[in-house]
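Subject: Structure handover

Dear colleague,

Please read them with the coordinates open beside you.

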Amino acid sequence: MRYTTQLHAYPGKYPKKRHALQLRWLSTTIGFLILGLVGAFVIVASSHTDVSLNLILQGFGVSLVRITISYIAAVVLAVILAIVITASPKIEALLLPIFDVLQSFPSFALFPILITALASAPELVIIIVLVVTIIWPILFTIIGSIKNRRIDLEEAASVYGATGLKRFQHFTVPSLWPSVVTGSIVGWGEGWEFIIGAELLVRANQGIGSYLGKLGAAQLNGALAIGIIVLMMLLFIINKILWLPLLRNATQYQSDN
Amino acid sequence: MDNLILKISHITKSFVSVNRKPDNVISDVSFEVQKGEFVCILGPSGCGKSTLLRIIAGLIPADEGKIIKQPEQLEQAMVFQNAAIFPWLNTEENIAFGLKMQGASNDKIRDTIQREIKQMKLDDARSLHPRELSGGMKQRVGIARALALDPDLLLLDEPFSSLDAFTAEKLRNDVIKIWQIRKQSVVMITHIVEEAVQLADKIVVLTSHPGKVKEIITVDIKRHRNERSKEFYDIVDHIKSLIVVD
């Protein structure tokens with residue numbers, strides 16, 4: 001018998017991959033079919049209520065911009081903080097308990113202070129509260145991933161000359177990528193949960209939260225229901241075209257031993 | 001002295017243990033490596049072999065002693081026990097990593113990838129990521145990544161210990177063939193006596209905790225060594241007696 005280390009020793013690998021691909025296409029098709037049906041229902045139903053699809057989409061667009069700005073700020077801050085916190089055991093012992101307490105502090109409790117201090121800048125109030133909300137899952141998943149990192153990969157990067165900016169680009173970023181994506185999915189979801197409340201509290205002129213708030217205040221319950229359905233549909237689409245592909249991509253970056 | 005590439009001189013290293021007392025892992029270790037020489041560092045678990053290799057690689061500092069490399073800026077590369085290839089890079093990208101960090105030209109990187117892929121028999125695995133590779137293939141990529149730098153000094157940290165016996169033997173034979181062609185200086189860590197006698201020109205036997213040089217043995221058996229020959233067994237028995245006595 002001849003023993004081999006060649007790859008064709010694993011005959012089952014590629015058919016399995018194809019099977020997974022077919023399943024993914026099937027689930028995507030079913031997802032968009034359901035989305036189409038819900039969309040058709042929304043269009044028909046909206047003509048019988050006082051809801052404006054244009055205003056919903058406009059409000060959603062404004063909220064999306066707010067969340068995107070807050071998310072980018074949160075990711076940059078989280079990466080910097082995680083690297084600083086885990087830089088040495090002494091810094092970690094000092095800072096980690098502080099951030100652990102801070103993360104349990106309810107973001108909405110910041111509103112009275114922020115609204116008073118930044119009365120002329122309601123946009124900034126919303127963005128600060130959103131950053132404070134989104135940052136925690138990203139920060140703690142990155143810290144977890146740094147603490148569980150493979151020392152041999154770090155050593156390999158050093159032996160092969162990865163220093164300074166090259167190390168950050170070719171080693172630090174790819175090794176943190178899976179935790180940034182998983183933390184981002186949670187943070188992004190929490191951001192949408194918060195923005196509705198934040199826009200209502202700040203009485204923002206625009207945004208999906210303020211529009212739904214206005215429908216609710218006017219007791220237009222049918223229109224409110226359609227607004228919520230549209231919001232869910234749009235979030236589903238973002239999830240499908242952005243986060244799920246990113247999650248699949250991030251698994252490629254994960255260590256296998 | 002002209003042939004000297006590495007001189008390890010009175011190296012000592014301690015770590016702070018859990019109860020905050022210094023734990024001496026290596027004590028007063030000295031030996032030399034000549035150009036083109038294959039040196040194995042052999043010793044029981046916990047004798048500080050890997051620590052010593054990391055000191056040589058410059059990953060951790062020694063508490064005492066000196067490491068002299070000739071030339072001072074000699075090109076060195078390291079192969080790790082679990083390959084330590086980057087999960088986000090495919091085989092070609094992993095092989096090119098060191099060259100890329102050095103800022104090598106695209107032409108040089110492309111030619112080197114071709115050469116190492118052929119030498120390490122990785123043609124079918126060019127575009128595969130580590131999670132799609134078997135243990136043996138991962139280690140081949142790890143070795144190819146090291147050889148891509150065409151190093152003067154190759155450091156091997158128990159490169160065959162996580163592989164099954166058949167894969168380990170095949171890879172060991174390939175490494176010997178490559179070394180005979182390229183004649184790079186090699187320092188390899190192992191705890192397998194037969195492996196050290198099969199591969200090395202010189203074996204540095206370390207005592208258990210803390211690791212001190214027990215004896216330096218020159219293996220003067222001709223290459224294509226027969227593992228069943230008397231002279232092979234004589235050296236194996238001698239080394240085992242050293243470790244047992246220790």
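I begin in chain B, where the bridge partner of Q76(B) in strand 6 of chain B is L153(B); strands here, like helices, are DSSP runs numbered from the N terminus (E and at least two residues for strands, H or I and at least four residues for helices). Please bear in mind that this is a predicted model, in which local features need pLDDT of at least 70 and side-chain atom pairs count only at pLDDT 80 or more, whereas totals for chains, interfaces and linings use all residues. Residues are numbered from 1 along each chain as its sequence is written, while chains are lettered from A and ligands numbered from 1 in the order in which they are written.

Five of the five residues of strand 6 (residues 153-157) of chain B are buried, where buried requires 20 or more other C-beta atoms within 10 Å of the residue's own, with C-beta atoms placed from the backbone. In a regular strand the side chains alternate between the two faces of the sheet. In strand 6 of chain B both faces are covered, with L153(B), L155(B) and D157(B) buried on one side and L154(B) and L156(B) buried on the other.

Chain B also has an open sheet of three strands in the order 2-1-4, with antiparallel pairing. Strand 2 (22-34) and strand 4 (64-69) of chain B stand at its edges with a single partner strand each, so one side of each has no neighbour in the sheet. Neighbouring strands of this sheet are turned by 15° against each other on average, direction ignored. Strand 1 (residues 4-16) of chain B is joined to strand 4 of chain B by five bridges, and the partner of L6(B) in strand 4 of chain B is K69(B).

Chain A, by contrast in its make-up, has nine helices and zero strands, and 29% of its 257 residues are buried. The axes of helix 2 (residues 53-85) and helix 5 (residues 122-147) of chain A come within 7 Å and cross at roughly 40°, the axes being lines fitted to C-alpha atoms, for helices over the stretch in contact, and angles running from 0 to 180 degrees between N-to-C directions. These two helices of chain A are therefore oblique to each other, since angles under 35 degrees count as roughly parallel, over 145 as roughly antiparallel, 65 to 115 as roughly perpendicular and the rest as oblique.

Where the chains meet, 25 residues of chain B are in contact with 21 residues of chain A, contact meaning that the C-beta atoms, placed from the backbone, lie within 7 Å. Strand 5 (76-79), helix 2 (91-102), helix 4 (135-147) and helix 5 (165-182) of chain B each give two or more residues to the side that touches chain A, and the largest share, four residues, comes from helix 2 of chain B.

With best wishes

How values were computed. Two residues are in contact if their C-beta atoms, placed from the backbone, lie within 7 Å. A residue is buried if 20 or more other C-beta atoms lie within 10 Å of its own, exposed if 12 or fewer, and partly exposed in between; C-beta atoms are placed from the backbone. Two strands pair if DSSP finds at least two bridges between them.
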